[in-house]
Amino acid sequence: MLPEKKWSGGKMLIKDNKPRVSIVKGLDPYKRTLSALRLLDEAKIFPDSKVLIKINMAPFYQFYGTHKVDLCSVSTNTGVVKAVFDFLKECGAKDITIAEGPCAPDIGEDATFGFKACGYVELCKQLGCKLIDLDIDEIVDVKIPNALSLKNTKIARTVLESDFIVSIPVMRTHSLSIVSLCMKNLMGCIALNYKRELHPDNDRSVFHERLFDLVKLLKPDLSVIDASGCSDKLTHEKGLLHQLNLTIAGKDVVAVDSVGAAVMGVPWEWLAWLVIAHRKGLGVGNLNQIKVVGESINAVRYRAELER
């Protein structure tokens with residue numbers, strides 16, 4: 001598709017129709033995230049819209065190899081969350097909720113400890129917004145029309161009643177999805193005892209299709225990757241994180257995940273769930289069709305050690 005041409009003041013301007021994804025590097029999570037968001041077109045949010053910020057908090061019981069990783073280092077940075085909140089306020093949002101459903105069905109703990117330990121409770125008091133554990137939220141049965149595999153599921157009511165969804169994951173690798181970014185972050189919206197629906201018996205082919213179905217149902221309006229650090233197989237074994245100090249942001253969740261994967265050294269074509277999303281028109285996965293602004297991918301690329 002050719003860029004759209006427009007006339008302005010006697011000059012012909014070319015409007016690029018490629019989805020824009022920003023990459024900003026910096027030590028201050030708040031400043032770099034706000035900068036990344038301001039490189040995008042303004043988000044249009046009606047004042048009466050219900051906005052949901054879906055953070056990514058690792059279960060507090062999680063161990064990697066023989067090392068226990070600090071919970072907050074593998075959870076969305078509060079500075080990143082505050083920057084997103086302030087940006088949304090600038091765009092007209094008034095009713096904003098921060099939420100997460102971090103627990104695995106075989107554990108059954110709630111998010112109370114993590115919310116407090118990682119500073120989300122204090123942050124929400126400062127911002128004057130609600131903080132909700134989606135694992136104990138009211139659950140709604142949902143049928144997904146024309147689904148590839150996930151015909152029906154159970155989703156937290158808070159998510160379904162939101163008009164504008166923001167996904168803010170932490171950058172990490174994963175045994176099934178290879179990388180875990182904005183699309184996979186939406187798994188936390190599924191009811192506690194149904195999360196394993198997405199990967200029965202660790203069947204990768206089923207997982208890819210079901211992840212696509214879930215994202216089609218809950219497609220985010222804004223996607224922001226907190227790449228303060230990258231958690232991969234190598235860092236798991238050492239109990240450390242590789243520091244990147246990056247924020248990656250965009251409105252097209254497929255494009256954002258494609259750029260995020262590329263920063264991790266993973267071609268988008270390796271990710272079956274991303275390829276499905278691209279081919280089905282959910283967004284743009286092909287890097288040649290994405291406009292990257294801010295830092296270039298090559299300038300910040302990190303070769304993650306994959307778990308496969």
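A: In this predicted model, Val-170 has Asp-226 of strand E14 as its bridge partner, and this contact belongs to the pairing of strand E12, residues 170–174, with E14, where two bridges join strands that run parallel. Strand E14 itself covers residues 222–231, and a further parallel pairing ties it to strand E11, residues 164–167, again over two bridges.

One of the residues concerned is Ser-223, whose bridge partner in E15 is Gly-250.

As for how E14 sits in the model, 10 of its 10 residues are buried, and the strand is therefore largely enclosed by the rest of the structure. A residue is called buried when its relative accessible area is under 20%, and with that cut-off in mind one may turn to another strand, E13, residues 178–180, where Ile-178 is found. Ile-178 counts as buried because its relative accessibility is 6%. Looking from there along the chain, Trp-270 is 92 residues apart from Ile-178 in sequence, while in space the two are 8.5 Å apart, taken from C-alpha to C-alpha.

Terms used. Residues numbered from 1 in each chain as written. Predicted model: local features only at pLDDT ≥ 70, side-chain atom pairs only at ≥ 80, totals over all residues. Heavy atoms only, no water. Helix = DSSP H or I, 4+ residues; strand = E, 2+ residues; numbered from the N terminus. Buried < 20%, exposed > 50% of the residue type's maximum accessible area, 1.4 Å probe, protein only. Pairing = 2+ DSSP bridges.
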